[in-house]
Structures are given as C-alpha cells and as structure tokens.
Amino acid sequence: MESGLAKSVASFAPTPFMVNGQYVAGYYDPTVTPFDNSREYTYHEYIKYCRYFYETDTIVGTVIERMVDMSITKLRNRRNKDGVETYAKYFDAVAEYLQPYLKAVALDYFIHGMVVPEMTYETIMGNKVDQTLGRKRVQFPTNFWIRNVEFIELRRKPVGMERAVYLRIPQDEIDFILTKGKRKDGSDDRQGYLDLVREYPAYVRAIEKGQRIFPLPDARPIYRKLRSYKDYPKPYLQNALFALQHKYYLKIMDRSIAARASELLRQVKVG
C-alpha cells in the first residue's frame with residue numbers, strides 16, 4: 001500500500017517553487033495545479049488532493065494519524081453464549097491475524113473516505129487453530145491487502161444504497177500478465193505470474209481477452225458518507241481543500257518575502 005500511495009503522490013506533485021532563479025528546497029508551487037473551489041471535481045481528482053495534503057501538510061498528517069491511533073483498539077469476541085463459546089479460540093485467532101492490518105485500513109478510510117479491504121481464505125482443520133476445535137473444518141485467512149481506490153470505480157444500483165464495485169485494471173498489471181511475468185525494470189517474475197494464474201484465473205483470462213474493467217462482486221468497501229446523488233463517498237478533507245490551498249499560497253508568499261529579504265542582507269554585507 002505504501003509504495004502505491006507514494007507513487008500516486010509523486011505523480012501528482014507539482015514542479016518545485018523557484019525564487020531568484022533557484023529552487024527553494026522543500027517547497028512546491030501549488031499554482032501549477034491549484035484547487036479550484038468553483039468547479040466540480042471527480043472523486044478520483046479529490047483524493048489526489050487529499051493524498052497530497054496528507055503527505056505534505058504537518059497538521060493534516062498529524063491529525064489523521066492521531067485519529068487512526070485513537071480509533072483502533074484490540075479486537076475482542078464479546079459473544080460467549082448460544083454455542084459460540086465453542087469457537088471462541090477460532091475468533092481469537094482470526095482477530096490476532098487481522099489486528100496488524102486495522103490501522104492501515106483506518107488510514108485509507110480517513111484519507112479517501114473509502115477503503116476496500118480484500119482477504120483470501122483456506123479451509124483447514126480446526127485443531128490447527130486450537131485443539132478444542134478437533135477435526136472441524138474452518139476457514140482461516142491467508143492473505144490480506146487493501147486495494148488502491150485510485151483504480152476502484154463505483155456505480156449506483158437501481159435499488160438500495162449499495163454500489164456495484166469495479167476494478168479499473170492498472171496498466172502495470174496488464175503488462176505483467178500479457179508478458180507472462182516481465183516487469184518494467186526488466187526483471188522476470190515467472191513464479192509470480194504462475195501464482196496469479198493459479199489463484200485468480202478469471203482475472204488473468206479477462207485481461208488476456210482485452211477487458212479493462214473487472215467486476216468485484218465479493219468486495220465489501222467501507223464508505224464514509226454515501227449520498228443519494230453521488231456514486232462515491234465524501235473524503236474527510238474535501239471541505240477543507242480550499243482552505244489548505246490558501247494556506248499553501250501564504251506559505252509561498254512568506255517564503256518568497258524571506259528569500260528576498262535574505263538576498264538584500266547578503267548584498268549589503270558584501271557591499
């Protein structure tokens with residue numbers, strides 16, 4: 001997730017800010033792609049701004065990360081009756097597996113207003129989890145990941161508030177499958193390709209047939225605020241983007257004034 005986020009932010013970041021013909025380290029010019037409060041943006045445009053300010057604004061980043069820390073606590077099974085106590089150890093084992101990923105889920109949720117977690121399972125004997133389960137077969141998670149919402153498309157259904165979820169297949173995954181494991185850097189991951197074919201054959205076949213939008217019927221996104229007139233939820237930072245943009249203008253102005261003042265001081269000192 002972190003590498004995908006960094007890549008998205010890097011592609012959005014504007015050109016460095018210049019003063020007196022020299023780049024000012026650490027500052028960027030938001031006037032290259034400024035946030036315009038008078039126009040309507042798509043959800044995917046909004047989240048690029050949200051990601052940028054989360055990564056660069058100290059207050060925004062600190063507040064969001066503090067919200068993540070405060071919102072995630074230890075998973076506990078509180079149902080110990082009606083026969084569920086038989087599986088208490090099973091639930092505890094699943095909770096222990098999921099616990100390390102919860103903060104990553106919360107972080108994506110606070111940045112984007114939506115998170116799409118995915119998990120795969122395998123069927124195992126219960127006694128591999130706890131001896132009290134004996135030979136009962138249970139499903140236990142094997143892989144957990146969070147989809148990059150930059151490639152998620154939602155469509156309102158005719159009835160209800162649920163959304164149909166689709167994956168807009170990333171170009172690097174298309175290239176990886178069509179070249180049977182070749183990566184952009186020239187490396188060959190044949191085993192990774194074979195694993196993908198074995199575990200997700202329908203996905204691989206769809207790409208080979210030229211399909212670029214892939215349905216995710218089993219996806220269970222967590223939304224922030226769904227609205228009847230929008231396909232997508234509302235990110236937390238959306239209403240603050242105009243104020244954050246104005247704050248960046250002030251930062252640039254302050255830096256420009258400071259740079260000019262220091263230049264005058266240097267000239268006076270040399271003279």
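A nonpolar core here is a set of buried Ala, Val, Leu, Ile, Met, Phe, Trp, Tyr and Cys residues joined through side-chain atoms within 4.5 Å; buried means under 20% relative accessible area, exposed over 50%, and partly exposed in between (1.4 Å probe, protein chains only). You're looking at a predicted model, in which local features need pLDDT of at least 70 and side-chain atom pairs count only at pLDDT 80 or more, while totals for chains, interfaces and linings use all residues. Residues are numbered from 1 along each chain as its sequence is written, and side-chain values use heavy atoms, with hydrogens and water left out.

**Stop one: the cores.** Select Phe 53, Ile 64, Phe 140 and Leu 241: of the 33 residues in the largest nonpolar core, these touch the most other members. At least two residues of this core come from each of H2, H3 (58-71), H4 (88-98), H5, E3 (114-125), E4 (137-147) and H9 (241-270). Those labels are DSSP runs numbered from the N terminus: helices (H or I, at least four residues) and strands (E, at least two). Apart from this core lies another, of 23 residues, including Ile 47, Leu 167, Phe 214 and Ala 219.

**Stop two: H2 against H5.** Now show residues 43-56 and 102-112, helices H2 and H5, which pack at about 115 degrees with axes 9 Å apart. Axes are lines fitted to C-alpha atoms, for helices over the stretch in contact, and angles run from 0 to 180 degrees between N-to-C directions. H2 and H5 are therefore roughly perpendicular (65 to 115 degrees; under 35 is roughly parallel, over 145 roughly antiparallel, the rest oblique). Pick Tyr 43, Ile 47, Cys 50, Arg 51 and Tyr 54 in H2; they meet Leu 107, Ile 111 and His 112 in H5, where contact means heavy atoms within 4.5 Å.

**Stop three: the rings.** How many aromatic pairs does the structure hold? There are 12 aromatic pairs, with rings of Phe, Tyr and Trp (its six-membered ring) pairing if their centres lie within 6.5 Å; planes under 30 degrees apart count as stacked, over 60 as edge-to-face and the rest as tilted. Tyr 41 and Tyr 49 are edge-to-face, 5.6 Å centre to centre with 70 degrees between the planes. Tyr 101 is partly exposed at 29%, whereas Phe 144 is buried at 17%.
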